[in-house]
Amino acid sequence: MFWKDDVIANGGSTTPFGLLRAFLFDPGAHLLACHRAAIGVRGVPGIGALLARLLWRHGVRTSGCHISLEASVGPGLKLPHPTGVVIGEGVTVGAGVTLYQNVTLGRTGDGGAYPTVEDGAILYSGVVAIGGIRIGARARVGANAVVLHDVPPGRTAVGAPARVVDIERSSR
Amino acid sequence: MTEPVEMDRAGASSFARDIDVFLARQGRSRDWTSTVRAVVFSPGLHFLAAHRLVVAAGRLPVVGRVVKMVLWTLSCHLFRSEIAVSTVLGAGCYVPHPYGIVIGRAVIGEGVQILQNVTIGAARRDDGGCPVIGAGVVIGAGAVILGEVEVGDGAVIGANAVVVGDVPAGCTAVGVPAKVIDRSPRRPSVGDDAPSIPT
C-alpha cells in the first residue's frame, strides 16, 4: 500500500492526527486515499466492485480528476492542485511523480498505446501527454505543453508540440 | 455559502461589485429579482462568494483558522477550483465557468475576467515574486501566468497562453511561451471595459 508515501508526498505527516488532517483538508491526499482504497476493496468478494465504484465516483465528484483504477500509479504521487487531471487506463506513473492541475495522460485514439511517466518527473499545469511515449525520470514538462515524443531523463520539454530545451536546472 | 451576510464590509462590497459585473455580462438589469436570480443560478458567483467568505472567515477571532480551513476544503471539492486565501482578488471579478481554476499567491486588480482552467501563481514556492494583474484584464481559458510578472491594465491573455514575462497595458499576448502580438490598446466594447462597469 502506498498511502503513507502519498501523504508524505502531499506535505502531510503520517501520525494519526496528520493522516486525518491530510484526508480531511488536503485535496490531493484525499483523492489519492479514495483511489488507493478503491483498488484495495476491489478484491472483497461480493460487494468489492460496487464499493470500488462508489469510492472512485466520490473521488471524481469531489476533485474533478479522472484517475483510472486500471492505471498503474506508483507510490508518492504528488497532486498539488488536483483538478482536471485525467489519467487513462493503460498509463504507468512511477514513484514520486508530480502532476499539476489539468494534466492529461492518454492515448491518441482507440487502440493506441498509453504513456509512461518515470520516477520523479514533474508535469506542470495543462500538460497533455498522449501516445506510447516515455517521460524520463526527473524530467520536467512545462505548462500547457503537448508531449507527442519521448522526453529523455532529467531534461525539460516545453511548447505545443513539446520540444526538449536546455534550461539551467535549479536545485529542488 | 452564497449568502454574503456573514462577510465583513470589504468582502461584502467586493461581492456586490461581482454581482453587478455578472448582471452586466448577462445583459440583465440591476433590479431585485435579477439580482436574486443571478446569485442563485450563477456558479461563478457562488465561487467568488466562497472565496470572499473564506477570507472573511479567516479574520474571525480564535476559530478563524479552523473555519477558514474547513470552508476552503469544501469550496475546493465543490468547484474543483482553488483560490489561495492569500490571493488579493479585486472587486468586480467575472468567472463565467469556475472549473479547474488554480490561483495561488497573486495580486489581481478590479474587473478581471478569469475563464476555466486558468492557473495563476508564483513560479517557486520559496520565491517572493508573484504575478500582479491589472484592472480589466481578460485571461483566456487554460492560460497560465507564472512568477514575478506584471500584466498591465486591460491586457488580453489568449487561451492556453503561458505568460512568463510582463505584458504591457492594453496588449494581447498568446502562445507558449506567450508573445505580445498586438501592441495597440484594445478598443473598449460594451461591458468589456471593467473600470467603466457600474460601481
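**Notes on the two-chain model**

1. Let me start with A:Thr98. Leaving aside neighbours within four places in sequence, A:Thr98 is in contact with A:Lys78, A:Pro80, A:Ala121, A:Ile122 and A:Leu123 (contact means heavy atoms within 4.5 Å). The residue sits in strand S5 (residues 98-99) of chain A. Strands here are DSSP E runs of at least two residues and helices are H or I runs of at least four, both numbered from the N terminus. A:Thr98 counts as buried because its relative accessibility is 9%; buried means under 20% relative accessible area, exposed over 50%, and partly exposed in between, with a 1.4 Å probe and protein chains only.

2. Some ground rules before going on. This is a predicted model, in which local features need pLDDT of at least 70 and side-chain atom pairs count only at pLDDT 80 or more, while totals for chains, interfaces and linings use all residues. Residues are numbered from 1 along each chain as its sequence is written, chains are lettered from A and ligands numbered from 1 in the order in which they are written, and side-chain values use heavy atoms, with hydrogens and water left out.

3. Now A:Arg36, which is worth a look on screen. It is found in helix H3 of chain A and forms a salt bridge with A:Asp6, with the closest N and O atoms 2.7 Å apart. (A salt bridge is a side-chain nitrogen of Lys or Arg within 4 Å of a carboxyl oxygen of Asp or Glu.) The pair links distant parts of the chain: A:Asp6 belongs to helix H1 (residues 3-9) of chain A, 30 residues away from A:Arg36. A:Asp6 counts as buried because its relative accessibility is 3%, and A:Arg36 is buried too, at 8%. The side chain of A:Arg36 also reaches the backbone oxygen of A:Gly74, at 2.8 Å.

4. How many salt bridges does the structure hold over all chains? The total is seven. Another one joins the side chains of A:Glu118 and A:Arg134, at 2.5 Å from N to O. This pair again links distant parts of the chain, 16 residues apart: A:Glu118 is in the loop between strand S7 (116-117) and strand S8 (122-123) of chain A, and A:Arg134 is in strand S10 (residues 134-135). A:Arg134 counts as partly exposed, since its relative accessibility is 42%.

5. B:Arg30 pairs with B:Asp20, the closest N and O atoms being 3.1 Å apart. B:Arg30 lies in the loop between H1 and H2 of chain B, and B:Asp20 lies in helix H1, 10 residues apart.

6. On to the cores. A nonpolar core is a set of buried Ala, Val, Leu, Ile, Met, Phe, Trp, Tyr and Cys residues joined through side-chain atoms within 4.5 Å. The largest one has 40 residues, and B:Ile108, B:Ile114, B:Ile120, B:Ile133, B:Ile139, B:Ile145 and B:Ile157 touch the most other members. Helix H1 (9-25), helix H2 (32-41) and helix H3 (43-57) of chain B are the elements that give two or more residues to this core. Not counting residues up to four places away in sequence, B:Ile108 touches B:Thr87, B:Val88, B:Leu89, B:Gly90, B:Ile103, B:Ile114, B:Ile120 and B:Ile133. A second, separate core has 31 residues, including A:Ala71, A:Leu99, A:Leu105 and A:Ala139.

7. Chain B overall: four helices and 14 strands. Of its 199 residues, 48% count as buried. Among contacts in chain B with a separation of 6 or more, 36% come from residues 24 or more positions apart.

8. Finally, the interface. In all, 22 residues of chain A are in contact with 22 residues of chain B. The area buried between them is about 1,800 Å², with carbon and sulfur atoms giving 53%; buried area is the accessible area (1.4 Å probe) that two parts lose on being put together, summed over both. Between chain A and chain B there are zero salt bridges. Helix H2 (16-25), helix H3 (27-41) and helix H4 (48-63) of chain A each supply at least two residues of the side that touches chain B, and the largest share, four residues, comes from H4(A).

Conventions
Polar contact = N/O pair within 3.5 Å; in protein donor to acceptor, adjacent residues only side chain to side chain.
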